[in-house]
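Let's take a walk through this structure together. Have the sequence and the 3D view open as you read.

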Amino acid sequence: MLLEGRRALVTGGSSGIGRATALRLAEEGARVAVNYFSEQERSDAEAVASQIDPAGTRAYAVQADVGAEADVVRMIGECRDRFGGLDILVNNAGIEKQAPTLEMPLDLWERILRTNLTGAFLCLREAGKVMAAQRQGVIVNMSSVHEFIPWPGFAHYCASKGGLKLLTETVAREWARLGIRVLSIAPGAIATPINSFVLDDAEARHRVEGEIPLGRFGRPEEIAAAVVWAASDQAGYVTGTTLVVDGGMSTYPKFS
Ligand code: NAI
Ligand code: BGC
């Protein structure tokens, strides 16, 4: 097992990549706090936690809106108290909603940035305080190929992921001497609820699959495997960079 005894928190752990990551971290020996956003996601998050450990010792579900500072401070404090520290933060929570930029309402722009970028910052800052006191920790930010591939209709999302890229790189430099590694994973198109608008539309799905050299959507477990490696000592010399896991999508020249 790669992560025996490690203490982890996964944001947005009730579904998709976050759910698969929480389960896989636990399989590798970590204790896992499974964050969920609201009452609507509570039972899914609790199901993930009890799949890991029905007794609630090795896993528990914790509500927090990652964009709300008080929620994040509470969540990380609780995690530190329950587990006696925090070794791995997976900043996974994220949202998207297509909107042409000429018609993009400010509140939509702010909503996406608040969750995807400010949320990642708040969790990283609070987790960083715990990790700095321990002189060790790993932060894995769930970015996207859209930290470097422009995506018409998703300027807010691309700005959030592009911001995450430089947040990762900058903080990795700041915290390297504290024993904290900070890196990003950039998935391509993965079959999760965030993509239901494409997965439920045969034509759109076919079009996206045509943009992926491996010819298919990725599975959440394929991203979880990368997170586990990135968080483990096997990646002990990896910080301040992005690991792309995209079936080759970023090599495709006709992306639109
Ligand atoms: P998903 O929709 O299944 O998961 C997103 C999770 O974030 C949900 O559990 C949701 O409840 C949670 N969330 C949303 N707002 C939140 C908030 N304010 N506080 C706490 N949690 C919140 O979708 P998926 O695909 O698993 O997305 C996970 C991450 O992966 C996101 O950051 C997304 O941008 C990123 N990603 C996904 C790709 C894909 O193709 N599925 C590709 C590249 C990146
Ligand atoms: C988005 C997905 C999209 C993928 C590839 C991700 O960041 O969340 O909706 O399929 O990038 O374009």
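We'll look at the ligand and its surroundings, then turn to some salt bridges. Keep in mind that this is a predicted model.

Start with ligand 1. There are 29 residues around it, and S15, Y157, G188, I190 and T192 come nearest. Sort that shell by class and you get 13 nonpolar, 13 polar and three charged residues. Some of the contacts are polar ones to oxygen atoms of the ligand: N195 brings a polar side-chain atom to 2.8 Å from an oxygen, while K161 has one 3.0 Å from an oxygen. On its own, the ligand has 810 Å² of accessible area, and the protein covers 93% of it. Two elements, α1 (16–27) and α5 (155–175), each give two or more residues to this shell.

Now for the salt bridges: the whole structure has 16. In one of them, the side chains of R6 and D233 meet, 3.0 Å from N to O. R6 sits in the segment before β1 (7–10) and D233 in the loop between α8 (220–231) and β7 (242–245), so this pair ties together parts that are 227 residues apart in sequence. R6 counts as buried because its relative accessibility is 19%, under the 20% cut-off. D233, at 57%, counts as exposed.

Another pair stays within one helix: R24 and E27 both lie in α1, three residues apart, or about one turn. Their closest N and O atoms are 3.8 Å apart. Finally, E222 and R216 form a salt bridge at 2.8 Å, and shared partners join E69, R125, E126 and K129 into one salt-bridge network.

Technical notes
Residues are numbered from 1 along each chain as its sequence is written. Chains are lettered from A and ligands numbered from 1 in the order in which they are written. This is a predicted model: local features need pLDDT of at least 70, side-chain atom pairs count only at pLDDT 80 or more; totals for chains, interfaces and linings use all residues. Side-chain values use heavy atoms; hydrogens and water are left out. A residue is near a molecule or strand if one of its heavy atoms lies within 4 Å of it. A polar contact is a pair of N or O atoms within 3.5 Å; within protein, one must be able to donate a hydrogen and the other to accept it, and residues adjacent in sequence count only if both atoms are side-chain atoms. Accessible areas come from the Shrake-Rupley method with a 1.4 Å probe; for residues, only the protein chains shown count as cover. Helices (H or I, at least four residues) and strands (E, at least two) are DSSP runs, numbered from the N terminus. Ala, Val, Leu, Ile, Met, Phe, Trp, Tyr, Cys and Pro count as nonpolar, Asp, Glu, Lys and Arg as charged, and the others, Gly among them, as polar. A salt bridge is a side-chain nitrogen of Lys or Arg within 4 Å of a carboxyl oxygen of Asp or Glu. Buried means under 20% relative accessible area, exposed over 50%, partly exposed in between (1.4 Å probe, protein chains only).
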